[in-house]
6 protein chains.
Amino acid sequence: MTSGFDTGLPSSRQIQAMIKEQKQVEVKLISGETLNGLIRWQDQFCIGVVDENNESSIVWRHAIAYVKPK
Amino acid sequence: MTSGFDTGLPSSRQIQAMIKEQKQVEVKLISGETLNGLIRWQDQFCIGVVDENNESSIVWRHAIAYVKPK
Amino acid sequence: MTSGFDTGLPSSRQIQAMIKEQKQVEVKLISGETLNGLIRWQDQFCIGVVDENNESSIVWRHAIAYVKPK
Amino acid sequence: MTSGFDTGLPSSRQIQAMIKEQKQVEVKLISGETLNGLIRWQDQFCIGVVDENNESSIVWRHAIAYVKPK
Amino acid sequence: MTSGFDTGLPSSRQIQAMIKEQKQVEVKLISGETLNGLIRWQDQFCIGVVDENNESSIVWRHAIAYVKPK
Amino acid sequence: MTSGFDTGLPSSRQIQAMIKEQKQVEVKLISGETLNGLIRWQDQFCIGVVDENNESSIVWRHAIAYVKPK
């Protein structure tokens with residue numbers, strides 16, 4: 001598993017906290033594109049992001065460069 | 001498995017719902033290219049997309065940045 | 001295995017059908033480059049493409065974004 | 001595991017030293033983007049970076065090209 | 001193993017034939033860059049390429065889009 | 001393991017020889033960027049490069065396209 005998650009890891013726990021606290025985040029992709037919004041869920045391969053227009057995206061972990069609270 | 005799927009995961013179930021409900025989606029690739037159409041099937045490595053011109057593509061999961069209903 | 005294949009998967013079976021039926025396909029790479037031609041074979045890591053000039057390429061699955069019949 | 005870490009590896013130990021010594025580092029991503037700051041933690045999939053504006057990012061290892069002390 | 005090789009696979013055998021027959025090849029990378037030369041060896045992660053200037057490179061399989069005889 | 005190393009592989013042995021002989025090398029990344037310098041160490045995920053300015057970088061194997069002695 002390359003980009004998976006394990007609930008005990010700092011990265012997974014921090015994302016879980018962002019979900020719980022409904023934090024506005026910036027999700028920067030390896031293509032350079034930025035998604036802004038809230039993270040709603042995470043699983044082994046993807047995270048769910050809801051943007052300013054209330055549109056939901058399934059974002060693949062392998063495409064994410066970094067996540068940063070705003 | 002990096003980009004695989006497991007029918008119990010939120011990401012897999014949401015894509016399965018998009019297939020069943022024949023939702024128009026935007027499939028954004030890590031190259032920046034966008035495919036618009038319906039998702040017809042998914043397997044461990046790929047998803048099948050049918051575009052506006054009724055053309056079918058086999059799209060590799062490793063190349064997908066995100067999928068977003070339209 | 002990230003980009004492998006399993007003869008039972010829809011993606012593998014569709015590519016196998018393209019090989020058998022000698023379908024003209026477009027192979028779009030994650031770099032944005034497009035290869036046009038026939039798929040001659042597939043294995044776990046690569047597919048073999050013969051282009052319009054009858055030149056054969058060994059194309060790595062990890063570099064493919066999508067395959068689309070023409 | 002592609003981009004994981006093992007506390008016994010030179011790469012993991014050097015990053016651990018950067019965390020402990022609070023070294024200013026440059027984190028160069030495969031997209032060409034550079035993050036400047038301190039590394040706060042590392043796990044199997046990610047490292048935590050705090051930048052000049054005291055903003056924290058979760059950076060995926062798969063997106064990192066290199067890390068260089070400044 | 002994502003980009004590995006297995007001596008029984010068509011892709012590995014074709015590259016082995018290119019090595020044996022000292023075929024001039026074009027190695028196209030996912031970055032768009034092209035290396036021209038002869039393949040000297042292959043292992044699980046890399047291939048060895050000697051270019052027109054008789055310079056040797058260790059090329060990672062994960063960075064290769066395709067290999068094409070010239 | 002995608003980009004790992006095994007001391008018995010030609011690629012690992014050649015890099016080990018470059019370390020021992022303190023060869024000037026060019027490390028070309030998949031982003032197109034080039035690092036010039038000496039390789040100091042390698043592990044399963046990374047190699048250590050010291051450049052002309054005597055600055056050390058931890059370079060991830062997954063980001064390397066090729067290594068070429070100068």
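**View 1. A salt bridge links chain C to chain E.** Glu55(C) and Lys68(E) meet through their side chains, N to O, at 3.4 Å. A salt bridge here is a side-chain nitrogen of Lys or Arg within 4 Å of a carboxyl oxygen of Asp or Glu. Between chain C and chain E the count is 3 salt bridges. This is a predicted model: local features need pLDDT of at least 70, side-chain atom pairs count only at pLDDT 80 or more, and totals for chains, interfaces and linings use all residues. Residues are numbered from 1 along each chain as its sequence is written, chains are lettered from A and ligands numbered from 1 in the order in which they are written, and side-chain values use heavy atoms, with hydrogens and water left out.

**View 2. The contact between chain C and chain E.** Chain C brings 22 residues and chain E brings 21 residues (contact: heavy atoms within 4.5 Å). About 1,800 Å² is buried between chain C and chain E, and carbon and sulfur atoms give 60% of that area. Buried area is the accessible area (1.4 Å probe) that two parts lose on being put together, summed over both. Phe45(C), Ile58(C) and Trp60(C) supply 35% of what chain C buries against chain E, more than any other three residues.

**View 3. Strand β4(C) pairs with strand β5 of chain E.** The two strands run antiparallel and share 2 bridges. Strands are DSSP runs (E, at least two residues), numbered from the N terminus. Two strands pair if DSSP finds at least two bridges between them. Ile58(C) has Val67(E) as its bridge partner in β5(E).

**View 4. The contact between chain A and chain B.** Here 22 residues of chain A touch 21 residues of chain B. The buried area is about 1,800 Å², with 60% from carbon and sulfur atoms. Phe45(A), Ile58(A) and Trp60(A) lose the most area to chain B, together 35% of what that side buries. Lys68(B) forms a salt bridge with Glu55(A), with the closest N and O atoms 3.5 Å apart. Ile58(A) stands opposite Val67(B) in β5(B).

**View 5. Chain A superposed on chain B.** A rotation of 60° with 0.0 Å of shift along its axis does this, at RMSD 0.0 Å. The two copies are thus related as by a six-fold rotation axis.

**View 6. Chain C and chain F do not touch.** Their nearest C-alpha atoms are 9 Å apart.

Notes: Copies are superposed by least squares on the C-alpha atoms of residues with pLDDT of at least 70 in both. Helices (H or I, at least four residues) and strands (E, at least two) are DSSP runs, numbered from the N terminus.
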